[in-house]
Amino acid sequence: MPKFLSSMPLTEQQQAIVAHDGGPALVFAVAGAGKTTALVHRIARLVEEGIFPAEQILATSFNRDANQKIRAALNRWPSCADVQVCTLHALGRFIIRLAHQRQRLPYLQENVFRRPVDGARLQILYAALAEARRRKVPYAAELIALDQEDFLNYVGACKGNLAYPDLRRLDLPRQARRVARQAPAPSGLPWYRDLYALYEEMRLAQGVLTFDDLLATGWEVLVRWPDILEELQRRFQCVLVDEFQDLNLAQAEMLDLLTAPHRNYMAIGDDDQTIYEWRGASPQHFREFQRRYRATVYFMTENFRSRAVHVALANQIILHNRQRQPKQMQLTQGFGGQITLLGHADEAAMAQAVVHQIQAAQEQGYPLEEMAILVRIYAQTPALEQALIAAQIPYVIWGNPPFYRRPEVETLLNYGRLARYDARRRAGHGLTREELEEMERLWFHVYNRPLRYLSQAMGQAVMKLARTQALGLVEAIQAVAAGAPPRVAQPLTELAGLLAELREALSLPKAQQPPAAALLQRLEARLSYMNYLRHHSGHAGSGGDRAANVAALLAYARGQGSLEQFLQHLDRLAQLSTRRDRAGRGHGSSQGLTITTIFRAKGLEWSVVFVPHCNQGIIPLNQAPNLEEERRLLYVAVTRARRHLYLHWLEGQPISQFLMEAQAPAVVEVVEVLQRALKQPPEAWSLDDYLALAVNAPQLHLSSYFQRWWRADAGTKQRIAAAVLGFLDAVQERGLLDALPIKPEQVALWRELAGPAAAVKPLALPGLDAWLATLRPPAPRRRRWPWQRRA
């Protein structure tokens with residue numbers, strides 16, 4: 001072994017990766033395997049042994065956090081200061097800038113690289129929308145209620161997968177045209193592709209780049225100009241890519257071109273953690289890497305994060321996926337962890353249980369920053385947020401506002417708020433200037449949601465009448481409808497009737513007002529709002545998530561009193577949340593508990609993790625197009641926990657099929673028995689203890705822990721191993737050992753731990769004979785087991 005390796009505290013699996021000199025290599029690294037450690041040590045060895053100069057090594061990933069970890073880890077080696085560490089988007093930016101400096105992209109503004117790319121998308125979209133209206137495009141009416149975020153996500157996914165709005169007009173070399181493709185139009189939104197083409201026209205006219213263009217345009221530079229490609233190929237003689245399973249087509253093809261002459265190309269990732277297919281990532285790039293490049297394959301299967309129960313359950317979950325490289329995560333951190341499985345009568349009971357568990361964890365010394373609630377979709381958070389606010393537990397939601405501030409939820413609520421103001425005016429109560437301005441804001445928020453094809457001028461005419469003629473809003477809408485053409489009058493009349501119904505309900509005495517849940521459900525039904533959200537999205541998943549947020553609001557409204565009371569309740573939640581946030585900032589406190597999706601949690605870990613709604617319909621999500629990706633999501637959630645994992649579900653609804661097929665309660669029980677047995681002398685063991693160690697531990701792939709990572713003293717190991725051998729001997733004496741799922745190498749493990757001088761005593765155990773009688777004798781077959789001595 002080279003001197004450099006001998007001084008590093010690395011596992012054999014990590015050392016094999018570090019020792020790889022060159023050529024294509026594929027590394028399967030399970031959750032918590034320490035892949036960053038292996039990656040940076042390999043880079044350091046390559047530099048210090050002179051295999052590659054530091055400036056010729058590129059370490060990259062799509063994830064900024066992953067790259068920061070690599071850079072920070074490399075800082076311990078001054079010789080690695082010149083190693084290029086950047087995200088794949090930053091690499092694309094570097095390529096484009098090089099081309100721009102050589103006058104290859106004349107359409108780009110001179111100052112394009114001094115401008116942030118994050119805000120460029122909206123700037124381009126606004127220009128495209130204005131141009132679409134000026135040209136009077138056939139889909140102009142659709143643009144009135146365009147979901148801008150949804151459309152921009154569609155554009156981003158297209159560019160990440162080299163899907164162009166008009167491929168025929170694109171001047172690409174022949175080979176590149178085999179990779180690029182025509183952008184598909186989303187189902188039900190054929191005009192998205194036309195708007196995408198106009199969007200690109202405006203972008204080129206403005207001479208700007210968006211974040212999405214950094215990849216697609218970077219790839220285009222490489223395929224168009226061989227001199228730039230060759231220069232970069234010489235510059236990057238060794239390329240290492242982390243989180244390779246999350247790459248999209250543009251990223252994979254850009255790296256393929258850069259590494260073509262030498263293929264000193266290492267891809268590191270885990271196909272069991274591929275969870276971003278919905279946004280354009282493809283696990284096929286990772287799965288086909290070995291075949292495409294004839295790569296050497298390495299495995300990192302040892303998990304350095306989680307405890308036995310988490311590792312065992314995660315393995316049992318993921319083995320049901322067929323599209324994966326077979327492998328088992330191996331335990332290193334021992335026992336002592338916990339999984340708690342709990343069912344609840346309703347959402348409120350579940351949320352309250354989570355709060356109590358958080359408080360108990362705090363009493364045990366875990367800070368809130370070491371806890372996370374992981375959800376499949378943000379629609380799961382309303383009851384949880386209410387319970388946390390009531391218990392004064394600070395929390396932060398990563399990637400989404402609180403449930404009562406989400407756009408699709410606010411749209412439905414704003415109908416009620418608008419009707420509330422109109423009811424007050426109708427009753428003779430004057431509105432302040434601020435209240436009138438708020439009413440106007442609400443009107444312009446809802447009058448075209450869902451899309452009614454009403455022009456802005458029509459909306460302004462209604463508000464002008466309502467303000468200048470002192471008319472009620474309902475009456476103003478009816479007045480405008482009376483003078484409008486039929487195609488406009490009909491949706492206006494329907495809108496007036498809908499708001500009139502809400503206004504009447506809010507005008508009743510408080511004791512007679514109908515429940516908020518009933519009113520909101522009727523409102524949603526009349527608007528067909530959830531159906532609208534599902535079918536007016538460039539991606540079925542995002543439309544479904546928005547519809548789920550609305551469904552969660554309707555469920556949350558049950559038992560919250562009238563609509564007026566419910567709106568006041570939500571206002572109080574917002575005020576409490578605001579005060580909490582201000583108090584936290586004022587006292588310099590940390591953010592508190594994390595609530596985020598499983599998607600955003602990948603790569604992170606916490607001591608205490610809560611996963612609510614482990615039911616069919618959530619995990620897996622209803623009508624999810626990729627069941628294996630849904631299963632991978634639960635696998636990722638389980639492997640985020642270092643110590644405690646709480647899996648909650650609602651009773652009366654089917655439990656997640658992933659937990660059922662993994663036999664989660666049985667797995668948890670077996671590991672608990674294992675943990676208990678290891679704390680007791682063998683003399684105190686029951687039959688269940690013997691079965692857990694001799695039979696179930698191998699079945700749960702925990703045997704390697706006892707061979708490599710078990711930290712018990714030698715005497716304890718010998719006593720336990722001898723006891724297990726005694727049990728197996730008793731089974732063998734009756735000719736039944738072949739009836740058990742035990743391999744010879746597993747028996748050899750206990751033989752090695754017991755030592756050559758181990759005294760295997762005959763086992764007299766209550767219940768053993770009765771249990772053995774239940775086993776079916778195997779067909780005659782001679783096999784000599786490792787502990788049987790030859791005569």
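**Entry 1: Arg-546**

I looked up Arg-546 and found that it counts as buried, because its relative accessibility is 12% and the cut-off for buried is under 20%. I keep in mind that this is a predicted model. I placed Arg-546 in helix α25, residues 540-557. Next I listed its contacts, leaving aside neighbours within four places in sequence. Arg-546 is in contact with Asp-147, Glu-149, Asp-150, Glu-408, Leu-533 and Ser-537.

**Entry 2: α18 and α22**

I turned to helix α18 (residues 407-426) and helix α22 (residues 486-507). They pack at an angle of about 65°, and their axes are 8 Å apart. That makes α18 roughly perpendicular to α22. I noted the crossing of α18 past α22 as right-handed.

Which residues meet? From α18 I wrote down Tyr-415, Gly-416, Leu-418, Ala-419, Arg-420, Asp-422, Ala-423 and Arg-426. In α22 they meet Leu-495, Leu-498, Leu-499, Leu-502, Arg-503, Glu-504, Leu-506 and Ser-507. I sorted the residues of this contact of α18 with α22 into 9 nonpolar, 2 polar and 5 charged.

**Entry 3: Nonpolar cores**

I checked the largest nonpolar core, which has 170 residues. Ile-43, Leu-693, Phe-706, Phe-727, Trp-750 and Trp-771 touch the most other members. I followed up Phe-706, again leaving aside neighbours within four places in sequence. Phe-706 is in contact with Phe-335, Leu-678, Leu-693, Ala-697, Leu-749, Trp-750 and Leu-753.

Key: Residues are numbered from 1 along each chain as its sequence is written. This is a predicted model: local features need pLDDT of at least 70, side-chain atom pairs count only at pLDDT 80 or more; totals for chains, interfaces and linings use all residues. Side-chain values use heavy atoms; hydrogens and water are left out. Axes are lines fitted to C-alpha atoms, for helices over the stretch in contact, and angles run from 0 to 180 degrees between N-to-C directions. Helices (H or I, at least four residues) and strands (E, at least two) are DSSP runs, numbered from the N terminus. Angles under 35 degrees count as roughly parallel, over 145 as roughly antiparallel, 65 to 115 as roughly perpendicular and the rest as oblique. A crossing is left-handed if the near helix is turned anticlockwise from the far one by less than a right angle, and right-handed if clockwise. Contact means heavy atoms within 4.5 Å. Ala, Val, Leu, Ile, Met, Phe, Trp, Tyr, Cys and Pro count as nonpolar, Asp, Glu, Lys and Arg as charged, and the others, Gly among them, as polar. A nonpolar core is a set of buried Ala, Val, Leu, Ile, Met, Phe, Trp, Tyr and Cys residues joined through side-chain atoms within 4.5 Å. Buried means under 20% relative accessible area, exposed over 50%, partly exposed in between (1.4 Å probe, protein chains only).
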